[in-house]
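Subject: the two-chain model

Hi,

Here is the structure I promised to pass on. Have a look at it first, and my notes on what turned up follow below.

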Amino acid sequence: MATVNIKIEGVSYQVEEGLTILEAAKKCGYEIPSLCAFNHGECSNGSCRVCLVEVAGARGLVASCVYPVNEGMEIRISTPQASEARRASVELLLSNHNQNCQQCDKNGQCELLHVASVTGAREGRYQGVKTPVTLDELTPSIVRDTSKCILCGRCVQRCQNAHGMGILGFENRGFKTIVAPAENRSMKDSPCILCGQCVSVCPTGALMEKSEIAKVDAAMKAGKHVVVQTAPAVRAALGEEFGMPVGTAVTGKMVAALKRLGFDKVYDTNFAADLTIMEEGTELLGRIKNGGVLPMITSCSPGWINYAEYNYGDLLPHLSSCKSPHQMQGAIIKSYYAKKNGIDPKDIFVVSIMPCTAKKDEKEREQMQVDGIKDVDAVLTTRELARMIKRAGILFTRLPDEEFDQDLMGDYTGAGVIFGVTGGVMEAALRTVYFVLTGKEHDAIKFEAVRGFDGIREASLDINGTTVNVAIAHGMKNAKVLLDDIRAGKSKYHFIEIMGCPGGCIAGGGQPIVRSCFLPNEADDIMDTYKEKRANALYSEDERLTLRQSHNNPQIKQLYDEFLGEPNSHKAHELLHTTYSARVGFND
Amino acid sequence: MAHISDAGVTKICEICDRYANEKTPLMMILSDIQNEYGYIPLDVQQIVSEKTGISVAEIYGVVTFYSFFSLEPKGKYVIGCCMGTACYVKGAQLVMDKFSEILGIAPGETTADGMFTIDALRCIGACGIAPAVTINGKVYPKLSVDQVPGIVAEYKALGGGN
């Protein structure tokens, strides 16, 4: 590793060549206030001018997020000139910003407020005209409010990097510039997949999930029987909202909090993840045996489903017909559970806590109701759950560990837990497929080949004489490669797992925001390691559990015995399976 | 793509193919389409996006950034009034206002009969002959307000439009 010698505030340091001043300073113990820059230059347009510093010999102040270090460079951060310039940059941004911070859900995690605080931007020194505002609340998932946009371009870049799509772009010119889908359309009228990756990088409240806390409040107030379920990935990240180290699994505390928030029943979506494996595994084996459409592709991720419907309408028969786990669980709660407990399904209100913004939209799909009753009534993101917990004054870190409700849907296996990370659904499916084909459990239980974070991974397994070729992709940019192969008739796989968000649900668009500036106790490289840490929280829970294969879940067996019959039965199809239809991206 | 004829789609694809080997072909493609059709609506941008892999939002951004590109059809005769500094101090605003007054449209608009569009341009680099106006590429130097009615009449006599 080539290094260069630099000085910061007169002190000598040796740092890696090629770093920006911002990155080098971080390694030397300085957090230069910055706003538009994101991790490893994912977005470094140098546009916000908040990270200005003095460099000896340079003409004027330089933007440290784009300026590389070089040999002998002398950097000063704290001079009055640099401090004043950074403050002025923030004040100029604030002058064109909707300053209703107290009504903004981003309050407390807003990077603009953070840099305003550290640079000392206090009074509104600059007053003037503001850019015309667009407020797009038409999708059930994401709210776009340009009055809070600082034009950093992180969302534009993220959509391209993660999905190769670029739904959002800069449009118009000068003071009228906004970030928007083409024609400043609603995201609803564009081929946006509603994954929320843009939300997870937005420094302000310009892109936020559409909150459904009020719906949950209303249901409780109306005396509904409110049942909550939590996705596997939520437990791996919720603790971050309460200052716990990234990667802390908080399953027990999360359950304790939900019980204190007044939910009548607290279940784990993992139960339905196990159910998904039974249905999807059976579907896969059926397709292999009967010459059905292959490769079969997983259907748990609603972001991915949206992408498929917009861009690969011709490949929809490849998708598993299984609903996503939380929809399955909702359908079971409103049928089996309702019957068992003698409750009218109309009086049940199902809330899903999800790491996802696309799930909010998914639950509104026409295909996601049975006899006019929606499977799921409200979807809250992990962040919204944290807000509810804070609102109730619950000191999360002091909660005891409690257990999910155990009746009917209380059991879950390690296979369900790992659904939350890329490759997890595949591994869970393989554990069961292996058992079905060989009549015994796989010795190692784990299928290491499908783990990791490479964009596309593949494995070929010989199971009792049957060769099963599988592949995994996360982020639509990677998925596209596999899909184009299928379209061209070149795909050699039997089964493909696709997740909308890079990393899978642990890094979903509804998960807690990860930013170095808000995580002073984490290592410098937390932006690079947080996905792995969250994934490990799930893999550790899997290791700890005695039941690690979906088919060994006793309550799943009971559900089939008492209610569904067998996997892919008529009843199962009615409740647990769905349909897809091709859609036009830019509808008129 | 319901709004574009098959021939139109073929033509746009052909324009895209002209620059298949360019590293950054977008400006050239859009220029050719603008010249060929006089405007670049979203349907056309979608075709360009499919051909080039550049997102529709990015293409739309470029189209709305440069005043040379238009989202709406332009008139048969496009009156480009230079509003650069030199032309402006030499009375370009008065000249443009006169065109607006006679044609009954604001800058950026097109007459109902599809004959004329008035565009306010950034400096066109003809400061020596300020104030300058271009009509479909023909340059009118050192224009005074009095000359405007005559020029309009001249083009009206040529006919055309819807």
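Predicted model: local features only at pLDDT ≥ 70, side-chain atom pairs only at ≥ 80, totals over all residues.

One cut-off before anything else: a residue counts as buried here if 20 or more other C-beta atoms lie within 10 Å of its own. A:Ser335 has 20 other C-beta atoms within 10 Å, so A:Ser335 is buried. You'll find A:Ser335 in helix 11 (residues 325-341) of chain A.

The scores are ipTM 0.89 and pTM 0.92. For chain B, the mean pLDDT is 92, with 97% of the residues at 70 or more.

Chain A

Chain A splits into domain 1 (3-93), domain 2 (96-209) and domain 3 (214-576). The centres of domain 1 of chain A and domain 2 of chain A, taken over C-alpha atoms, are 25 Å apart. Where these two touch, domain 1 of chain A puts in 16 residues and domain 2 of chain A puts in 22 residues. On the domain 1 side of that contact in chain A, there are 10 nonpolar, two polar and four charged residues.

There's also an open sheet of four strands in chain A, in the order 13-20-19-18 and with mixed pairing. Its edges are strand 13 (296-297) and strand 18 (456-463) of chain A, each of which pairs on one side only. Strand 19 (residues 466-474) and strand 20 (residues 495-499) of chain A run parallel to one another, joined by five bridges. To find your place in that pair, look for A:Ala471, which sits opposite A:Ile496 in strand 20 of chain A.

In soluble globular proteins, nonpolar side chains tend to be buried together. In this model the largest nonpolar core has 183 residues, and the members touching the most others are A:Val53, A:Cys155, A:Leu168, A:Val351, A:Ile506 and A:Leu538. Helix 9 (residues 270-290) of chain A gives the largest share of this core, eight residues. Apart from this core lies another one, of 18 residues, including B:Cys81, B:Cys87, B:Met96 and B:Leu103.

What does A:Leu168 contact, leaving aside its neighbours within four places in sequence? Its partners are A:Cys155, A:Val156, A:Cys159, A:Val179, A:Ala180, A:Pro181, A:Cys198 and, from the other chain, B:Ala57.

Where the chains meet

Between the chains, 11 residues of chain B are in contact with 14 residues of chain A. On the chain B side, helix 3 (42-52) and helix 4 (56-65) each supply at least two residues. Helix 4 of chain B gives the most, with seven residues. By class, the chain B side is made up of five nonpolar residues, five polar residues and one charged residue.

Chain B on its own

Chain B has 162 residues, and 30% of them are buried. Its C-alpha trace spans about 50 × 35 × 20 Å along the principal axes. There are seven helices and four strands, and from the N terminus on they run α-α-α-α-β-α-α-β-β-β-α. The domain assignment gives chain B domain 1 (6-65) and domain 2 (77-158), with their centres 28 Å apart over C-alpha atoms. Of the contacts in chain B between residues at least 6 apart in sequence, 65% join residues at least 24 apart.

Strand 1 (residues 77-82) and strand 2 of chain B pair in the parallel sense, over six bridges. B:Tyr77 is placed opposite B:Phe116 in strand 2 of chain B. Is strand 2 (residues 116-121) of chain B mostly covered or mostly open? Mostly covered: five of its six residues are buried.

Cheers

Definitions and conventions
Residues numbered from 1 in each chain as written. Chains lettered and ligands numbered in written order. Domains from an automatic or database assignment. Contact = placed C-beta atoms within 7 Å. Nonpolar A, V, L, I, M, F, W, Y, C, P; charged D, E, K, R; others polar. Buried ≥ 20, exposed ≤ 12 C-beta atoms within 10 Å, placed from the backbone. Pairing = 2+ DSSP bridges. Core = buried A, V, L, I, M, F, W, Y, C linked by C-beta atoms within 7 Å. pLDDT = per-residue confidence, 0-100.
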